[in-house]
Amino acid sequence: MIREAKGLPLDQFDVVVLDLNLPNGRGAGTIKAIRPLVSCPLIVYTGTTDRSMVAEVIAAGADDYVMKDAPSVALVHRINIAVQMHENSKRIARLIDLQNVLERKDMEWQALARRQLLIVCGMILGCTVLGVVVLGVVR
């Protein structure tokens, strides 16, 4: 399963739902092998009732888990929540990037405004200002 997954366009998936007991991988090792291949939510759909195994797969990189004996609507609900949370995380990251760009541009504009102010002050005072502000009384 893991070998086959490497050939898939995993960057185009909205979510990955997988069982812990695959033919060539079991438990947290499966999650550790798949997690680097996908950026989307990874939900474990498992028949195991071993709580320590569930904690292990979450620690290994799974975003959520659903027990196989749960109603199918629970799986659909968890998928929807995971996809929404992932999309929100991407939006937040994009907003943070935009905020950083705006802060850099603001600093650039402030520096430009200070330079222009120095030039104007120098013109008013009748002197050349080279990065130094000289305050004094003009007679």
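This is a predicted model: local features need pLDDT of at least 70, side-chain atom pairs count only at pLDDT 80 or more; totals for chains, interfaces and linings use all residues.
Visitor: Let's get oriented. How many helices and strands are there in the protein?

Guide: There are 4 helices and 5 strands. Going along the sequence, they come in the pattern α-β-β-β-α-β-α-β-α. Of the 139 residues, 24% are buried. As for contacts with a separation of 6 or more, 52% are between residues 24 or more positions apart.

Visitor: Why is Asp11 called exposed?

Guide: Exposed means over 50% relative accessible area. Asp11 has 63% relative accessibility, so it counts as exposed. You'll find Asp11 in the loop between α1 (2-5) and β1.

Visitor: On to helix α3 (residues 51-60). Which residues are buried there?

Guide: Val54, Val57 and Ala60 are buried in α3. They sit on the same side of the helix, because they cover an arc of only 125 degrees around the axis. Arg51 and Ala59, on the other side of α3, are exposed.

Visitor: What covers the buried residues of α3?

Guide: The cover includes α2 (28-34), β4 (42-46) and β5 (64-67). Just after α3 comes Gly61, with a positive phi of about 130 degrees.

Visitor: How do you know that the side chains of Asp19 and Lys68 are joined by a polar contact?

Guide: A polar contact needs a pair of N or O atoms within 3.5 Å, one able to donate a hydrogen and the other to accept it. The side chains of Asp19 and Lys68 are joined at 2.4 Å, so the distance passes that cut-off. Asp19 is in the loop between β1 (16-18) and β2 (21-22).

Visitor: Which residues does Asp19 touch, leaving out those up to four places away in sequence?

Guide: With those left out, Asp19 touches Tyr45 and Lys68. Touching here is a matter of heavy atoms within 4.5 Å.

Visitor: Now the largest pocket. How much space lies in it, and what lines it?

Guide: About 160 Å³ of space lies in the largest pocket. Its lining includes Arg35, Ser39, Cys40, Pro41, Asp63 and Asp64, and also Arg78, Ile81, Ala82, Met85, His86 and Ser89.

Visitor: What makes a residue count as part of that lining?

Guide: A lining residue has an atom within 4 Å of a pocket point. Cys40 is one of the lining residues, so it has such an atom.

Visitor: Which helix gives the most to the lining, and how do the lining residues divide?

Guide: Helix α4 (residues 72-125) gives the most, with 6 residues. By type, the lining has 5 nonpolar, 3 polar and 4 charged residues.

How values were computed. Residues are numbered from 1 along each chain as its sequence is written. Side-chain values use heavy atoms; hydrogens and water are left out. On a 1 Å grid over the protein atoms alone, a cavity is a set of points where a 1.4 Å probe fits but cannot get out, and a pocket is an open set with protein on both sides within 12 Å along at least five of seven lines; lining residues have an atom within 4 Å of a point. Grid points are joined across faces, edges and corners, and a volume is the space filled by probe spheres set on the points. Helices (H or I, at least four residues) and strands (E, at least two) are DSSP runs, numbered from the N terminus. Ala, Val, Leu, Ile, Met, Phe, Trp, Tyr, Cys and Pro count as nonpolar, Asp, Glu, Lys and Arg as charged, and the others, Gly among them, as polar. Buried means under 20% relative accessible area, exposed over 50%, partly exposed in between (1.4 Å probe, protein chains only). The arc is that of the directions from the helix axis to the C-beta atoms.
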